[in-house]
Amino acid sequence: MLNNFLWGASTAANQIEGAWNQDGKGVSVIDTIATDLEKGTRIEVASAFEDAYYSSHEAVDFYHHYKEDIALMAEMGLKAYRMSIAWTRIYPNGIEEEPNEKGLQFYDNIFKELKRYNIEPVVTISHYESPWYLAEKGGWTNREMIDYYIKYCKTLFAHYHEQVKYWITFNEINCTLVNFGIRTAVGLNASISSEINNDHTRYQALHHQFIASAKAVSLAHAEYPDLKIGCMIASMIGYPLTSHPKDVFAALQYEQMKNMFCSDVMIRGAYPSYSNRFLKENNIEIQMKPEDNQILKAGCVDFYSCSYYQTLCISGQNEGVELGKNKAAGNLISGFGVKNPYLQESEWGWQIDGTGLRYLLNTIYDRYQIPIMIVENGLGAKDELVDGKVKDDYRIAYLSEHVNALLEAIKDGVDVIGYMPWSAIDLVALSTGSVEKRYGFIYVDVDNYGKGTFKRYPKASFYWYQDLISQYS
């Protein structure tokens, strides 16, 4: 038995809630990014809201189905639910003096339902959905964004500190350094404008998020000492492609800047020494204030959380990609490395590596010695509903492999306190903007165009997870 272990599942507001302009909600950056349903990918149009399809606007309509959905989560046996709060439900434009009461009430209702079933909420404060109004003014490239974020945090902590113990400041904060991440940090057209889409912008925006996170941690520790505040990192483990020393060292450098840089800052409270050379050699100058070092030092997080989906291989040889034959696929790693010839992959080309999760957990715990949560791990697939049932044995196989690796890591001595796969319910996939790339334990009868009954159906994986949780409860 794993006493008090947080067996759960995850979602994000912008991918499930819908109701994008109801009850006073403002426009978020995700609300302005359209979906190309023919190509199955997110796209940017010349201006927000021109004739295009925006899948986040309705998503799977959790906003109107939350009681039903949380009841199903309880039936599955979830002990925890990792979710996010939509910033623009609380502050529609980000600049208002007072919060939107209907937005606060919606999440009051969510937490009330979760408490009814003894499900622990784990809440992400900012999950890829900054206010569009602020994004138009430069988003996280502007230091004033920190103050707006802290005002938002003050409201959340004051209003929900009795309902929510675990908070995550930013979802996959290291993704600010990749294409999609900068769009969510700065706004529309960020990925196609050379004035915005460059390393200077990325690292400056990230620095402001570091400061905002540290201030949020200090705020919570000072005013609500029972709260636990964590970071959230998109794990992108890179193995050396071969035993060639150049491959081994290239993999080390990749790990430092892709996987460890953000958590080093947020857990150790300072920029790591290895980053100095990287920033210098890439001519990246981050504008900082004299007090920033002390802010970072004072605002170290309490726990580490991460997403984990796959691994890739890294080569430091010029012929490395040729040796690997194929580039690795994935939301965040595309273009960084090559496929591992020893691994199988999903229908989206994502490589499946349960052992990589055990490797990650051991590496992270050896480095930081703080509690760890896995808050995303799952398999996207084109599930088929037949006679009201979904036979997703492929998802069960994927999750079983990763749960076994998780349990082995715990035996290794790693302090893992929670496992919350992606996702509790079908939702709009981040990379494709479509529903057909399904991750959920619960099937939602809606297609890529938002058509369907929106009826919910537990999948085979739902009952598998139900049995698994009961074994360890």
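A salt bridge here is a side-chain nitrogen of Lys or Arg within 4 Å of a carboxyl oxygen of Asp or Glu. With that in hand, look at Asp383 and Lys459, whose side chains meet in a salt bridge at 2.5 Å, N to O. Asp383 lies in the loop between strand 11 and helix 14, and Lys459 in the loop between strand 14 (456-458) and helix 15 (460-471), so the pair ties together parts that are 76 residues apart in sequence. Helices (H or I, at least four residues) and strands (E, at least two) are DSSP runs, numbered from the N terminus.

A word on the model before we go on. This is a predicted model, in which local features need pLDDT of at least 70 and side-chain atom pairs count only at pLDDT 80 or more, while totals for chains, interfaces and linings use all residues. Residues are numbered from 1 along each chain as its sequence is written, and side-chain values use heavy atoms, with hydrogens and water left out.

Now to the barrel. Eight strands close into it in the order 1-4-5-6-7-9-11-12, with parallel pairing. From one strand to the next, the twist averages 30 degrees; axes are lines fitted to C-alpha atoms, for helices over the stretch in contact, and angles run from 0 to 180 degrees between N-to-C directions. Two strands count as paired if DSSP finds at least two bridges between them.

Let us follow strand 4 (residues 80-84) to start. Five of its five residues are buried, so the strand is largely enclosed by the rest of the structure; buried means under 20% relative accessible area, exposed over 50%, and partly exposed in between (1.4 Å probe, protein chains only). Ala80, Arg82 and Ser84 point one way from strand 4, and Tyr81 and Met83 the other way. Strand 4 pairs with strand 1 (residues 6-10) over three bridges, and five bridges join strand 4 to strand 5 (residues 120-126). Ala80 is the bridge partner of Gly8, and Glu120 in strand 5 is the bridge partner of Ala80.

The chain crosses from strand 11 through helix 14 (residues 393-411) to strand 12 in a right-handed β-α-β crossover, meaning that, with the strands pointing away from the viewer, the path from the first strand over the helix to the second runs clockwise.

Strands 4 and 11 are linked by charge as well. Glu376 forms a salt bridge with Arg82, the closest N and O atoms being 3.0 Å apart. Glu376 is in strand 11 and Arg82 in strand 4, 294 residues apart. Both ends are buried, Glu376 with a relative accessible area of 5% and Arg82 with 0%.

Finally, consider the nonpolar interior. A nonpolar core is a set of buried Ala, Val, Leu, Ile, Met, Phe, Trp, Tyr and Cys residues joined through side-chain atoms within 4.5 Å. Of the 131 residues in the largest one, Ile85, Tyr107, Tyr149, Trp167 and Tyr304 touch the most other members. Helix 8 (residues 199-223) gives this core its largest share, eleven residues. A second, separate core of ten residues includes Leu6, Ala80, Phe303 and Met420.
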